[in-house]
Amino acid sequence: QVQLVESGGGLVQAGGSLRLSCAASGLSGRTFSNYGWFRQAPGKEREFVASIRWSGSFTYYADFVKGRFTISRDNAKNTVYLQMNSLKPEDTAVYYCAVAVRLGGPFDYWGQGTQVTVSS
């Protein structure tokens with residue numbers, strides 16, 4: 001059973017940084033296409049933040065995080081990271097990691113989320 005556990009969220013002042021981690025388990029013997037990070041702010045729909053290919057280095061970012069956030073992956077640790085710099089109050093949200101089985105398909109497995117709060 002695939003499990004994703006996020007960590008690293010917290011309270012930070014505007015302009016500060018946080019690094020989120022997502023530890024994956026239950027992956028043995030399976031192949032996946034992408035890791036992704038999403039977020040959901042209060043009263044808003046969940047939105048895509050960034051993704052990285054399961055193998056290789058291709059990454060993709062939402063326009064509102066380009067140049068500020070960096071997604072990376074450590075395959076040996078089955079962990080994906082989201083380095084968030086120059087944080088803004090509008091980045092406040094619950095951040096979720098997810099894994100997709102098929103390239104171009106939906107994200108199939110989701111973590112429980114970690115809260116990020118950016119104060120002004």
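Begin by selecting W37, L82, M84 and Y95, the residues with the most contacts inside the largest nonpolar core, which has 31 residues. Such a core is a set of buried Ala, Val, Leu, Ile, Met, Phe, Trp, Tyr and Cys residues joined through side-chain atoms within 4.5 Å, where buried means under 20% relative accessible area, exposed means over 50%, and partly exposed lies in between (1.4 Å probe, protein chains only). To colour the elements that give two or more residues to this core, pick β3, β4, β5, β7 (69–74), β8 (79–84), β9 (93–100) and β11 (114–119); strands here are DSSP runs of E with at least two residues, helices are runs of H or I with at least four, and both are numbered from the N terminus.

Before going further, please keep in mind that this is a predicted model, in which local features need pLDDT of at least 70 and side-chain atom pairs count only at pLDDT 80 or more, while totals for chains, interfaces and linings use all residues. Residues are numbered from 1 along each chain as its sequence is written, and side-chain values use heavy atoms, with hydrogens and water left out.

**The whole chain**

Zoom out and show the chain as a cartoon: there are zero helices and 11 strands. The radius of gyration, taken over C-alpha atoms, is 14 Å, close to the 14 Å that the globule rule (2.2 Å times the number of residues to the power 0.38) gives for 120 residues, so the chain is as compact as a globular protein of that length. Along the principal axes, the C-alpha atoms fill a box of roughly 45 × 25 × 25 Å. Of the 120 residues, 43% count as buried. If contact is taken as heavy atoms within 4.5 Å, residues 24 or more positions apart account for 53% of the contacts with a separation of 6 or more.

**The aromatic rings**

Next, show the side chains of Phe, Tyr and Trp, whose rings (for Trp, the six-membered one) pair if their centres lie within 6.5 Å, with planes under 30 degrees apart counted as stacked, over 60 as edge-to-face and the rest as tilted. By this rule the count comes to eight aromatic pairs. One of them joins Y35 and W54, which are stacked, with 4.9 Å from centre to centre and 25° between the planes. Because Y35 lies in strand β4 (residues 34–40) and W54 in the loop between β5 (47–53) and β6 (59–61), this pair ties together parts that are 19 residues apart in sequence. Y35 is buried at a relative accessible area of 1%, and W54 is also buried, at 18%.

Now select F38 and F107, whose ring centres are 5.0 Å apart and whose planes stand at 80°, so this pair is edge-to-face. Here too distant parts of the chain are linked, since F38 is in strand β4 and F107 in strand β10 (residues 107–110), 69 residues apart. Both F38 and F107 are buried. Then show R46, which lies over the face of W110 at 3.8 Å from the ring centre; a charge sits over a ring if NZ of Lys or CZ of Arg is within 6 Å of the ring centre and within 35 degrees of the ring normal.

**N34 and its surroundings**

Stay in strand β4 and select N34, which counts as buried at 11% relative accessibility. Leaving aside neighbours within four places in sequence, N34 is in contact with I52, R53, W54, A98, V99, A100, L103 and F107.

**Three stops in the loops**

Move to G26, in the loop between β3 (18–25) and β4. G26 is partly exposed, at 37% relative accessibility, and its contacts beyond four places in sequence are with Q1 and V2.

N78, in the loop between β7 and β8, has a positive phi of about 50° although it is not a glycine, and is partly exposed with a relative accessible area of 30%. Finish at S86, in the loop between β8 and β9, where phi is again positive at about 50° in a residue that is not a glycine; S86 is partly exposed, with a relative accessible area of 40%.
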